[in-house]
Amino acid sequence: MPRYAYVNGRFTRHGDAAVHIEDRGYQFADGVYEVIPVHTGELVDEGPHMDRLERSLSELSIPMPLSRRALSLVAAELMRRNALTNGFIYMQITRGVAPRDHKFPKKPTKPALTMTTRQLPQPEATFERGGFSVVSVPDIRWKRRDIKSISLLPNILAKQKAAEAGCEEAWQVDEDGFVTEGSATNAWIVTKDGKVVTRRSDAGILGGITRLSLLKVMRVEGIELEIRPFSLEEAHEAREAFLTSSTNYVTPITRIDGKPVGNGHPGILTMKLRKAYIDHVVHGKAGAERFEVEAT
Ligand code: PDD
């Protein structure tokens with residue numbers, strides 16, 4: 001069965017899909033993206049992902065290429081054509097095509113929109129009991145990490161370091177010794193007295209949609225939370241650690257820099273949160289609504 005991509009108004013064979021050589025995304029990484037998880041043929045948390053997409057675009061003064069409704073329809077059609085059941089839809093929007101010049105083009109360009117899909121096994125089906133290992137790396141990124149920019153070089157270098165260390169993820173650490181986030185995931189620990197800790201969502205990290213939904217789930221479940229930064233040392237001493245992202249849901253971390261977290265097994269509270277997240281959000285019991293925890 002052919003696989004399709006969407007490029008600027010057309011559904012094309014994935015292998016033939018291409019953008020203009022002077023697309024500002026290609027030349028300057030002048031654009032943003034979204035990864036929206038798909039579970040049993042349904043988008044998970046579509047509303048919050050679209051909110052974040054609109055916000056990222058507006059921070060860069062790139063107009064929406066289509067209305068939200070039209071974006072949704074294109075996504076649905078691409079999923080249908082690709083018979084996507086589980087995995088994600090990738091949306092990328094750049095400022096468009098213009099002769100190479102750093103400043104915004106004088107004559108406003110038409111933003112370029114591309115979409116692809118990726119079929120993956122369901123995370124709940126593939127999760128291995130061992131948990132992930134992470135390695136710490138210095139956070140060398142810019143100061144607007146809240147924008148889901150396609151400029152991902154530091155994240156790529158961090159993830160490569162992780163791979164070379166035999167780890168699944170890298171935790172980035174700022175100049176003050178605090179963990180900001182993973183290369184493509186948000187970072188969490190559980191303290192010795194059972195409190196879940198994650199740093200606040202500001203310009204220092206990407207405001208993860210999985211993070212946002214998990215905060216809501218935690219409220220529903222009455223789980224104690226501290227929104228504050230935690231240091232790498234504190235993470236090494238933590239009882240549990242985990243990460244969140246659209247493609248990993250809530251995944252336990254069992255080793256940090258080669259040292260076991262707690263007893264070296266996925267944490268009990270982490271696994272409870274993972275299950276609660278899957279029940280409430282992935283299986284759609286709480287997914288679509290806008291969460292009032294947005295500001296945390
Ligand atoms: N990454 N932090 C960073 C730097 C990320 O790139 C991501 C997502 C997250 C988690 O956000 P969310 O829960 O909305 O997926 C945090 C996506 C999956 C990616 O780049 O592939």
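## Basis

Residues are numbered from 1 along each chain as its sequence is written, and side-chain values use heavy atoms, with hydrogens and water left out. Because the model is predicted, local features need pLDDT of at least 70 and side-chain atom pairs count only at pLDDT 80 or more, while totals for chains, interfaces and linings use all residues.

## Domains

The chain is assigned domain 1 (4–120) and domain 2 (126–283); such bounds come from an automatic or database domain assignment. The C-alpha centres of domain 1 and domain 2 lie 26 Å apart. In contact (heavy atoms within 4.5 Å) are 24 residues of domain 1 and 20 residues of domain 2.

Between them the domains bury about 1,800 Å², with 63% of it on carbon and sulfur atoms. Buried area is the accessible area (1.4 Å probe) that two parts lose on being put together, summed over both. On the domain 1 side, Tyr33, His39 and Arg52 lose the most area to domain 2, together 32% of what that side buries.

## The six-stranded sheet

Helices (H or I, at least four residues) and strands (E, at least two) are DSSP runs, numbered from the N terminus. Two strands pair if DSSP finds at least two bridges between them. An open sheet of six strands has the order E2-E1-E6-E5-E3-E4, with antiparallel pairing. Strand E2 (10–13) and strand E4 (42–43) are at the edges with a single partner strand each, so one side of each has no neighbour in the sheet.

Helix H2 (residues 46–59) packs on this sheet and touches strand E3 (31–39), E4 and strand E5 (87–94). The directions of H2 and E3 make about 175 degrees; axes are lines fitted to C-alpha atoms, for helices over the stretch in contact, and angles run from 0 to 180 degrees between N-to-C directions. Strand E1 (residues 4–7) is joined to E2 by four bridges, and Tyr6 has Phe11 as its bridge partner in E2.

## Helix H6

Gly222, which follows H6, has a positive phi near 70 degrees.

Most residues other than glycine have a negative phi. Ser61, in the loop between H2 and helix H3 (68–81), has a positive phi of about 55 degrees. Tyr249 also has a positive phi, near 55 degrees. Tyr249 is found in strand E14 (residues 249–256) and counts as buried because its relative accessibility is 2%.

Notes
Buried means under 20% relative accessible area, exposed over 50%, partly exposed in between (1.4 Å probe, protein chains only).
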